[in-house]
Amino acid sequence: MKLLDKALLMDDDAIRRAITRIAHEILEKNEGIENLALVGIRRRGVPLAKRLQEKIQEIEGSTVPFGALDITLYRDDLTTLDVQPVIHKTEVPFSLNGKKVVLVDDVLYTGRTVRAALDALIDIGRPQVIQLAVLIDRGHKELPIRADYVGKNVPTSKREVISVRVMEVDGEDGVSIQDMVD
Amino acid sequence: MAWQHKDLLGLRGLSKQEIELILDTAAPMKDIIGRDIKKVPTLRGKSVICLFYEASTRTRTSFELAGKFMSADTVNIAASSSSVVKGESLIDTGKTLDAMGTDIIVIRHAASGAPHLLAKHVKARVINAGDGAHEHPTQGLLDMYTIRERKGRLEGLTVTILGDVLHSRVARSNIWGLRTMGADVRVCGPSTLLPPELATIGVQAFTCIEEALDGADVVNVLRLQLERQKKGLFPTIREYARQFGLNQERLKRCKPDVLVLHPGPMNRGVEIADDVADADFAAIEEQVTNGVAVRMAILYLMMGGSGSGAVH
């Protein structure tokens with residue numbers, strides 16, 4: 001199966017503006033940074049969470065704790081995959097107990113990644129509340145999960161692929177939509 | 001890269017990349033062991049049977065906990081309380097377990113090659129938890145994990161394996177694994193307890209402990225297998241302790257930051273002095289913790305991503 005580029009949905013400026021808006025929304029909804037923490041889902045959720053942390057630091061003048069979550073061990077489709085996912089470390093160097101945790105990922109699709117991330121978070125501690133921030137919400141949810149903060153809503157067909165690229169992982173910032181071609 | 005084998009029968013023949021994959025996967029597993037809730041749902045619905053024809057505390061419990069921490073259903077079978085006492089053969093026992101839908105059989109057996117025989121006759125994946133004096137791959141892996149954790153690398157280190165090498169499956173797995181990873185391996189013991197083929201696989205053999213310890217980064221002390229010493233391969237335990245026992249004085253020959261390992265159970269005062277076993281430079285308890293992490297990694301690698309493309 002090949003992927004054919006269809007359109008660029010966000011360039012680096014658009015991503016930056018989306019991060020800035022989400023940072024403001026997080027602060028508004030949580031009335032500041034008290035008890036706030038950011039946890040990115042590996043891989044691309046982590047640099048996005050880091051950028052949100054930096055933006056919040058810029059706005060509020062103080063920093064919020066930041067962690068990285070690997071959800072491989074919580075996937076419900078591991079034994080059906082042909083290619084074995086490599087497990088990375090979960091690094092949440094602070095207690096989650098009583099925290100308002102904002103979970104950050106690049107794309108919200110079926111919701112299964114987020115479900116796995118919720119299980120993983122709850123095994124580490126007991127947050128007061130968990131919110132979800134995503135750069136792209138592309139629809140087709142299979143679970144009753146919705147994002148609290150969305151960079152861009154992109155209605156897609158299942159034949160389409162959303163490709164999020166971030167500088168820290170891919171060497172450039174951008175979101176594009178591609179078509180699957182047999 | 002992904003795990004490409006049906007079974008894990010030994011470290012001989014595993015590539016450097018495969019060993020690295022296991023060790024890298026064990027690191028996040030160790031974090032899980034340190035948590036309040038030591039449980040992930042990864043292997044939910046999978047069954048792991050520990051089939052032990054020999055006594056064991058740490059290996060069996062370690063596999064059982066590794067399975068349980070990953071939500072697999074684990075069952076222990078001790079040969080002494082199974083149909084083995086009625087004369088059932090290993091192959092028939094294996095086929096029975098297979099018919100119950102077992103995913104992984106972990107086997108320990110006094111006969112070298114028993115896991116290989118079982119693996120040929122069952123659909124379940126087979127892990128060798130020690131076969132005779134042949135191999136004990138998970139012990140070799142946890143030793144390598146512990147060394148890498150403490151020293152940051154394996155390549156270029158000098159590792160001295162001390163004691164009853166002849167009867168030791170731990171020594172063999174260590175030798176294969178460490179050699180593959182680029183470590184320099186020495187063995188030391190009474191000449192009656194050193195297998196003759198060592199030189200052909202690039203291992204230096206010593207009968208003088210001082211020479212063997214000179215400049216070593218790691219000393220892996222083997223248990224003197226008292227149950228296998230009825231053949232009179234050395235005069236007395238006391239003499240063995242005097243000639244080959246590891247003590248503080250002898251350790252001075254090693255590098256200042258030497259690391260001491262022992263697969264357990266220890267004969268304190270025989271192969272290892274009390275104050276060496278309990279010192280900071282010994283990682284004997286850590287080896288036990290790392291054993292669970294390494295076994296979790298192996299269970300994950302053998303069960304995760306087992307789609308049609310992954311198994312040959």
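The two domains of chain B

Guide: In this predicted model, domain 1 and domain 2 of chain B bury about 2300 Å² between them, and carbon and sulfur atoms give 56% of that area. The size of an interface is often given as the accessible area lost when the parts come together. As for the bounds, domain 1 of chain B takes in residues 16-135 and 289-303, while domain 2 of chain B covers 137-286. Taken over C-alpha atoms, the centres of these two domains of chain B are 25 Å apart. Where they meet, 28 residues of domain 1 of chain B are in contact with 28 residues of domain 2 of chain B.

Charged and polar pairs come next. The rule finds four salt bridges across the interface of domain 1 and domain 2 of chain B. Arg169(B) and Glu54(B) join their side chains in a salt bridge, with 3.0 Å from N to O. Between the two domains of chain B, 12 residue pairs are in polar contact, both residues being at pLDDT 80 or more. On the side of domain 1 of chain B that touches domain 2, the elements giving two or more residues are α1 (16-33), α2 (58-69), β3 (104-109), β4 (125-131) and α11 (284-303) of chain B. The largest share of that side, nine residues, is supplied by α1(B). Sorted by class, the side of domain 1 of chain B that touches domain 2 holds 10 nonpolar, eight polar and 10 charged residues.

Now for individual residues of chain B. Asp164(B) sits in the loop between β5 (158-162) and α6 (169-180) of chain B. With a relative accessible area of 0%, Asp164(B) falls under the 20% limit and therefore counts as buried. The side chain of Asp164(B) is in polar contact with the side chain of His167(B), at 3.0 Å. Gly189(B) is 25 residues away from Asp164(B) in sequence, yet the C-alpha atoms of Asp164(B) and Gly189(B) are 6.2 Å apart in space.

Arg250(B) belongs to helix α9 of chain B, residues 248-251. At 14% relative accessible area, Arg250(B) is under 20% and so is classed as buried. Its side chain makes a polar contact of 3.2 Å with the side chain of Glu210(B). A polar atom of the Arg250(B) side chain also lies 2.8 Å from the backbone oxygen of Arg242(B). Leaving out residues up to four places away in sequence, Arg250(B) touches Ile209(B), Glu210(B), Leu213(B), Ala241(B), Arg242(B), Gln243(B), Phe244(B) and Gly245(B).

Salt bridges also occur elsewhere, and the count over all chains is 31 by this rule. In chain A, the side chains of Lys29(A) and Asp148(A) meet in a salt bridge, 3.2 Å from N to O. This pair links distant parts of the chain, 119 residues apart: Lys29(A) is in helix α1 (residues 12-29) of chain A, and Asp148(A) is in the loop between β5 (129-137) and β6 (149-153) of chain A. Lys29(A) is partly exposed at a relative accessible area of 46%, and Asp148(A) is partly exposed at 25%.

Back in chain B, Lys6(B) and Asp7(B) form a salt bridge through their side chains, 3.0 Å from N to O. Lys6(B) is buried at 18% relative accessible area, and Asp7(B) is buried at 15%. Arg169(B) lies in helix α6 of chain B and Glu54(B) in the loop between β1 (47-52) and α2 of chain B, so that pair ties together parts 115 residues apart in sequence. Both Arg169(B) and Glu54(B) are buried. In chain A, salt bridges with shared partners join Lys6(A), Glu160(A) and Asp179(A) into one network.

A last stop is Asp173(A), placed in the loop between α4 (167-170) and β8 (174-181) of chain A. Asp173(A) has a relative accessible area of 19%, which is under 20%, so it counts as buried. The side chain of Asp173(A) makes a polar contact with the side chain of Arg51(A) at 2.9 Å. The backbone nitrogen of Met167(A) is 2.8 Å from a polar atom of the Asp173(A) side chain. Not counting residues up to four places away in sequence, the residues that Asp173(A) touches include Asp11(A), Asp12(A), Ile15(A) and Arg165(A).

Note on methods:
Residues are numbered from 1 along each chain as its sequence is written. Chains are lettered from A and ligands numbered from 1 in the order in which they are written. This is a predicted model: local features need pLDDT of at least 70, side-chain atom pairs count only at pLDDT 80 or more; totals for chains, interfaces and linings use all residues. Side-chain values use heavy atoms; hydrogens and water are left out. Domain bounds come from an automatic or database domain assignment. Contact means heavy atoms within 4.5 Å. Buried area is the accessible area (1.4 Å probe) that two parts lose on being put together, summed over both. A polar contact is a pair of N or O atoms within 3.5 Å; within protein, one must be able to donate a hydrogen and the other to accept it, and residues adjacent in sequence count only if both atoms are side-chain atoms. Helices (H or I, at least four residues) and strands (E, at least two) are DSSP runs, numbered from the N terminus. Ala, Val, Leu, Ile, Met, Phe, Trp, Tyr, Cys and Pro count as nonpolar, Asp, Glu, Lys and Arg as charged, and the others, Gly among them, as polar. Buried means under 20% relative accessible area, exposed over 50%, partly exposed in between (1.4 Å probe, protein chains only).
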